[in-house]
Amino acid sequence: MKAILCTRFGGPDDLEYADTSDPAPGQGEVVVAVKAAALNFFDTLLIAGKYQLKPPFPFSPAAEFAGVVESVGAGVSGLAAGDRVLGYGGVGAAREKIALSAKRVVKIPDTLDFDRAAGITVIYGTALHALKDRAKLKAGETLAVLGASGGTGLAAIEIGKLMGARAIACASSDEKLAFCRERGADETINYATNDLKDALRKVTGGKGADVIYDPVGGPYAEAALRATAWRGRFLVIGFAAGEIPKIPLNLALLMERDIVGVFWGAFTEHEPQAHQANMADLVRWTAEGKLSAHVHAVYPLKDTPAALKAIAARQVMGKVILRP
Ligand SMILES: NC(=O)c1ccc[n+]([C@@H]2O[C@H](COP(=O)([O-])OP(=O)(O)OC[C@H]3O[C@@H](n4cnc5c(N)ncnc54)[C@H](OP(=O)(O)O)[C@@H]3O)[C@@H](O)[C@H]2O)c1
């Protein structure tokens with residue numbers, strides 16, 4: 001079978017499109033024929049050796065996928081060859097077939113297409129865990145999302161609206177903000193052309209946002225924290241801008257704000273049942289059309305380097321999908 005292989009840390013052009021042997025299911029595993037694999041921002045770090053996870057070489061990027069179960073190993077129940085599923089392996093989906101624990105796949109309804117299903121798990125899983133479990137977002141509260149047209153940013157806008165919040169999309173271009181409005185954002189702030197702190201205070205009538213969802217970091221994090229309301233919650237999601245901000249702790253004291261860490265991958269390990277319950281909701285909501293699972297572009301598997309370059313160049317709105 002064909003696979004994208006990372007044989008040494010480097011950039012997208014160092015990846016190889018190569019033949020490798022077909023996997024066989026081990027005890028408790030399934031083999032899935034991948035119909036669509038989804039990339040995330042962290043894949044750009046993973047192949048460069050700059051991510052917390054460093055798989056042994058050779059490995060394939062892409063944490064998540066959708067496809068059809070091809071075979072099941074001993075001890076697997078509730079799944080059979082021919083089942084349509086989505087799955088999350090953390091790594092390894094940029095290939096024609098993947099073997100992984102049956103616990104890591106979820107059946108999907110016929111109404112959900114493979115391209116949209118492939119990219120649900122990480123971005124919506126993170127947004128739902130962050131907003132529901134960590135921020136305890138309440139209906140009527142204001143939610144400001146940075147990097148709002150990106151994968152997990154868009155997911156936070158859509159989940160926030162489902163939870164009854166007033167969603168403020170913050171992004172670097174008017175085109176990205178128009179896209180966020182089409183997907184439910186009530187207000188928009190262009191942080192490339194406006195002072196983020198002042199704009200957030202203005203749009204919230206001086207009160208500040210109740211919850212900030214920050215997957216970007218860099219200079220935007222402190223500006224947004226300074227525009228967080230009394231007893232607001234600032235969700236630390238990621239650092240797509242590259243720089244991990246150093247925050248003055250008096251900003252937490254002054255308004256009794258909470259700075260709340262979110263590590264979705266660890267949550268899935270610590271609380272698998274809560275994660276599975278979240279996934280059941282996310283699959284249902286996507287199939288019902290309540291979540292867009294917007295696909296920005298679909299690339300043939302061999303063009304994985306171009307897909308990764310588009311993510312790193314800040315060009316993607318929603319998800320990029322690889323099709324073997
Ligand atoms: N904590 C967790 O559990 C968890 C889970 C999933 C993802 N994450 C993290 O969340 C972050 C975003 O992931 P994602 O998949 O949503 O990424 P994405 O789709 O690439 O979106 C990231 C957004 O960040 C903004 N950005 C600002 N500076 C950037 C730069 N130098 N390069 C790229 N983007 C930049 C861009 O929006 P603008 O152009 O509008 O600024 C972009 O839309 C990553 O750091 C990822 O590792 C964390």
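Which residue forms a salt bridge with Lys107, and how many Å apart are the closest N and O atoms? Here are some notes on that pair and on the rest of the model, which is a predicted one.

1. **The opening pair.** The partner of Lys107 is Asp83, and the closest N and O atoms of this salt bridge are 3.9 Å apart. The cut-off for a salt bridge is 4 Å between a side-chain nitrogen of Lys or Arg and a carboxyl oxygen of Asp or Glu, so the pair counts as one. Lys107 belongs to strand S7 (residues 105-107), while Asp83 sits in the loop between strand S4 (64-72) and strand S5 (84-88), so the bridge ties together parts that are 24 residues apart in sequence.

2. **Overall build.** Stepping back, the protein has 11 helices and 15 strands. Its radius of gyration is 20 Å, close to the 20 Å that the globule rule gives for 324 residues, so the protein is as compact as a globular protein of that length. Along the principal axes, the C-alpha atoms fill a box of roughly 60 × 40 × 35 Å.

3. **Burial, contacts and surface.** Of the 324 residues, 53% count as buried. Take the contacts between residues at least 6 apart in sequence: 69% of them join residues at least 24 apart. The protein exposes about 13600 Å², and carbon and sulfur atoms supply 53% of that area.

4. **Charges.** The salt-bridge count comes to 24.

5. **A bridge between the strands S1 and S2.** Asp19 forms a salt bridge with Lys2, and the closest N and O atoms are 3.2 Å apart. Asp19 is in strand S2 (residues 16-19) and Lys2 in strand S1 (residues 2-5), so to speak two distant parts of the chain, 17 residues apart. Asp19 counts as exposed, with 58% relative accessibility. Lys2 is partly exposed, its relative accessible area being 26%.

6. Arg104 and Glu269 form another salt bridge, with the closest N and O atoms 3.1 Å apart. This pair links distant parts of the chain: Arg104 lies in the loop between strand S6 (97-101) and S7, Glu269 lies in helix H9 (residues 264-270), and 165 residues separate the two. Arg104 is partly exposed at 30% relative accessibility, while Glu269 is exposed, with a relative accessible area of 53%.

7. **A buried threonine.** Where does Thr286 lie? Thr286 is part of helix H10, which covers residues 272-287. Its relative accessible area is 0%, so Thr286 counts as buried. Which residues is Thr286 in contact with, leaving aside its neighbours within four places in sequence? The contacts of Thr286 are Leu112, Arg116, Ile120, Leu291 and Ala293.

Key:
Residues numbered from 1 in each chain as written. Predicted model: local features only at pLDDT ≥ 70, side-chain atom pairs only at ≥ 80, totals over all residues. Heavy atoms only, no water. Helix = DSSP H or I, 4+ residues; strand = E, 2+ residues; numbered from the N terminus. Rg over C-alpha atoms; globule rule 2.2 N^0.38 Å. Buried < 20%, exposed > 50% of the residue type's maximum accessible area, 1.4 Å probe, protein only. Contact = heavy atoms within 4.5 Å. Areas by Shrake-Rupley, 256 points an atom, 1.4 Å probe, with all protein chains shown as cover.
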